[in-house]
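Hi everyone, thanks for coming. Let me put it on the screen.

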Amino acid sequence: MKKLFLAIIAISFMGMMSCNEEFTVNERPDVQDLEAFFQKEANVESAVIGIYDLMQQNYSVPWHSAFFVKLLPGDDANAAGGNSGDQPQLQDIDDYTNVSVSNPSITNVWDLFYRTIALSNLVITNIEGSSLSNKERATAEAKFMRAWCYFELTTMFGDIPLRLTVPTTADEFGLKKSSRAEIYAQIESDLTAAVASLPEKGASDNFRASRGTAQALMGKVLVFQEKYAASLPFFEAVISNPSHDLEPNVKDIWSIDKEFGVESLFELGYISTTARDWGNITWGGNNESNLHIQLMGPRGDGIFDVSSVGLLNGWGFNLPTSKLADAFVAAGDVDRKNATLMTEADLIAAGGDVDQTAAVGGEVWDYEGAIRIKYATKLEDTSDGVAELNYSTNWRVFRYAEVLLLAAEAYNKSGNDVSARAQLDKVRMRSNLAAVDATVSGNALFEEIVNEKFLELAHEGQRFWDLVRWGKAATELAGTGYSSKNDLFPIPITEIEKNSELSEADQNPGY
C-alpha cells in the first residue's frame, strides 16, 4: 500500500474533548472501561494510531488547517481566495487586522492540538506500569506527539496550560498557564524519552515517528531557545544516519511517488480511496483526503487557465507573494523556483492564461503575479470520486532539508562557520546553486542561511515564526499591518471562558 489509512479509534473519555465540551456525570452505555481497554496490546496500538489520526485531522480540517494557519502570517504567501471577504478569519490572520479571540481557525488549531495531547496523555497514563510488549514504543510515540503539539502551541501562543494528565471532572479541567520555559522543559523531557525508545526510520510503518524524527525535533526545539551548542549532537546524529538524505532532484520532493521518502522525517498521510463526493464530504470534520490541496489550487471561474501545465483549478487560496518570486530571481534559483511557483509570464509561455477581468471586481484578490506549484492541484494526486475532494497529497511537515538549515544556523551561532557552510551548501547544491564563498562568515553567513530558509521552506509554515524568533519581523513585514502583537495568536476565548484558572488578564498582549 502507498499509505496506511489512519483510522481514529472510538474511545470516549472525559478530558479528551477540547475545552468547549461539557462534562457529564452520566455514564455512557457505549464506553469501554479504560483500564480494561489498555490491557490489550492491540488496543494500545489502536490508541497510538488514533493520535496520528487527530494530528492528520488538525493539519487538514476544512478552512482551519494548522498547516495553512501557520503559514498565513508569513511574507511568502497571501491568503487570497475569491475576495477580501472569502473566509474572513483567514484574511484577518494574513493581513494582521482584526485577529479576534473568537477566530474560528485559531480556535480549531488550539482545540485539536489539545485533543491530540489529551489522547497522548491517556495512552501514557494508562500503560504506565504495564508489562505489554508494545509499551515502550507506544509510550515513546505518545510522548513524541505530545512534544510536537506543545512545540507548535507554544510557538504560536506563548505561555499556555501544560496538561500532562486527563481531567475527569470539570474542576480538574481548570489549569493555569505555564511559562514557555516550563513548556520547553517538558518538551525536552518527552523527546529525551522518545529518542531513547523509538525505532530507526524504516523499522515499520513509514508514517510513524522514528528516532531520527525525535532527534531532529529536539535539535529544532533547542535552536528556538538559542541553545545552539546543545542542539548540535542531535542534528549530527540525524545527518550521520544514512537513512536520512535529500531527494536528489528538488522537483521530486512533493511528488506522489516520493511520499514517505528519504527526505521525510515526519509526514502526515492522506488517501483518496474513500471516494468523497459532495454528498458525503465531512465539512469541518475528519476526511481521509487532503481537502486543503483543492483549497489552495489556482482559482477557476475563467480566471486561471492551467490545463496546459498539468494542473486542475482550485479555490484560489495561498498565492505566492511577489517578494518570494523576486527572491528566487535575485538568487538565480531556477530549479527551486520552478518547483515552488509559476509566474504569470511562465504560465502564458506554457500555453496557459490569466484573465483578471473574470474575477470579482475585475481583479484577482491577493494575486501578485504567480501561482503556487509546491503542493499543487495535480491530476495524478486525486482519484476515486469527485476530483477536487479526493487529493491524496501528504503534508511533509518536517524535512531533512530543514534539519540541514537548522544545523547550519546552530554551527554559525556556535562560531563554527566551516561546518555551517557545509550544511548550507548541501541544500544549495541540490538546487544547482553555487556553494557559498568560503570567505562568507559571521553575520553575513547567517543572512545567507536566513535567505536560504525563505526559498527552501516557502509555503511550509516556517517563515513567520522564524522572523519572530530572529527579531526580523518588524523589518521584513514593514508596511503590511504587522505589529509586535501579532508575534503570538490570541488564546481562544473559549479556553478562557471554560478554564476556571484563566481570566482575561491571561490573554496575550494586544488582544
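Let's start in helix 6, residues 135-157, where Phe144 and Trp148 sit four residues apart, about one turn of the helix. Before we go further, please keep in mind that this is a predicted model. Phe144 and Trp148 are both buried. Their rings form an aromatic pair with 6.2 Å from centre to centre and 45 degrees between the planes, which makes the pair tilted.

Now for a second pair, Phe464 and Tyr482. How are the planes of these two rings arranged? They stand at 75 degrees, with the ring centres 6.3 Å apart, so the pair is edge-to-face. This one links distant parts of the chain: Phe464 belongs to helix 18 (residues 463-470), whereas Tyr482 is in the loop between helix 19 (473-476) and helix 20 (493-498), 18 residues apart. Phe464 and Tyr482 are both buried too.

How many aromatic pairs does the structure hold? The count is 28. Some of them join up: ring pairs tie Tyr96, Trp110, Tyr114, Tyr150, Phe157, Phe464, Trp465, Tyr482 and Phe489 into a cluster. So Phe464 and Tyr482, our edge-to-face pair, are members of that cluster.

The charged end of Lys413 is placed over the ring of Phe446, 4.0 Å from its centre. Lys220, in turn, lies over the face of Phe398, at 5.3 Å from the ring centre.

Let me zoom out for a moment. The protein has 20 helices and ten strands. Its radius of gyration is 22 Å, close to the 24 Å that the globule rule gives for 511 residues, so the protein is as compact as a globular protein of that length. The C-alpha trace spans about 65 × 55 × 50 Å along the principal axes. Of the 511 residues, 59% are buried. As for contacts between residues at least 6 apart in sequence, 73% join residues at least 24 apart. The exposed surface comes to about 19200 Å², and carbon and sulfur atoms supply 50% of it.

Is Glu188 buried or exposed? Its relative accessibility is 19%, and the cut-off for buried is under 20%, so Glu188 counts as buried. Glu188 is in helix 8, residues 180-197, and its side chain makes a polar contact of 2.9 Å with the side chain of Gln225. Beyond its neighbours within four places in sequence, Glu188 is in contact with Met218, Val221, Leu222, Gln225 and Lys227.

The other one is Gln294, in helix 11 (residues 291-295). Gln294 is buried, with a relative accessible area of 3%. Not counting residues up to four places away in sequence, Gln294 touches several residues, among them Asn313, Trp315, Glu388 and Tyr391.

Last stop: the backbone. Most residues other than glycine have a negative phi. Which residues go the other way? One is Ala80, with a positive phi near 60 degrees. Ala80 lies in strand 1 (residues 77-80) and is buried at 0% relative accessibility. Another is Tyr375, where phi is positive and near 55 degrees. You'll find Tyr375 in the loop between strand 9 (370-372) and strand 10 (395-399), and it counts as buried at 3% relative accessibility.

Technical notes. Residues numbered from 1 in each chain as written. Predicted model: local features only at pLDDT ≥ 70, side-chain atom pairs only at ≥ 80, totals over all residues. Heavy atoms only, no water. Phe/Tyr/Trp six-rings, centres within 6.5 Å; stacked < 30°, edge-to-face > 60°. Helix = DSSP H or I, 4+ residues; strand = E, 2+ residues; numbered from the N terminus. Buried < 20%, exposed > 50% of the residue type's maximum accessible area, 1.4 Å probe, protein only. Lys NZ or Arg CZ within 6 Å of the ring centre and 35° of its normal. Contact = heavy atoms within 4.5 Å. Polar contact = N/O pair within 3.5 Å; in protein donor to acceptor, adjacent residues only side chain to side chain. Rg over C-alpha atoms; globule rule 2.2 N^0.38 Å. Areas by Shrake-Rupley, 256 points an atom, 1.4 Å probe, with all protein chains shown as cover.
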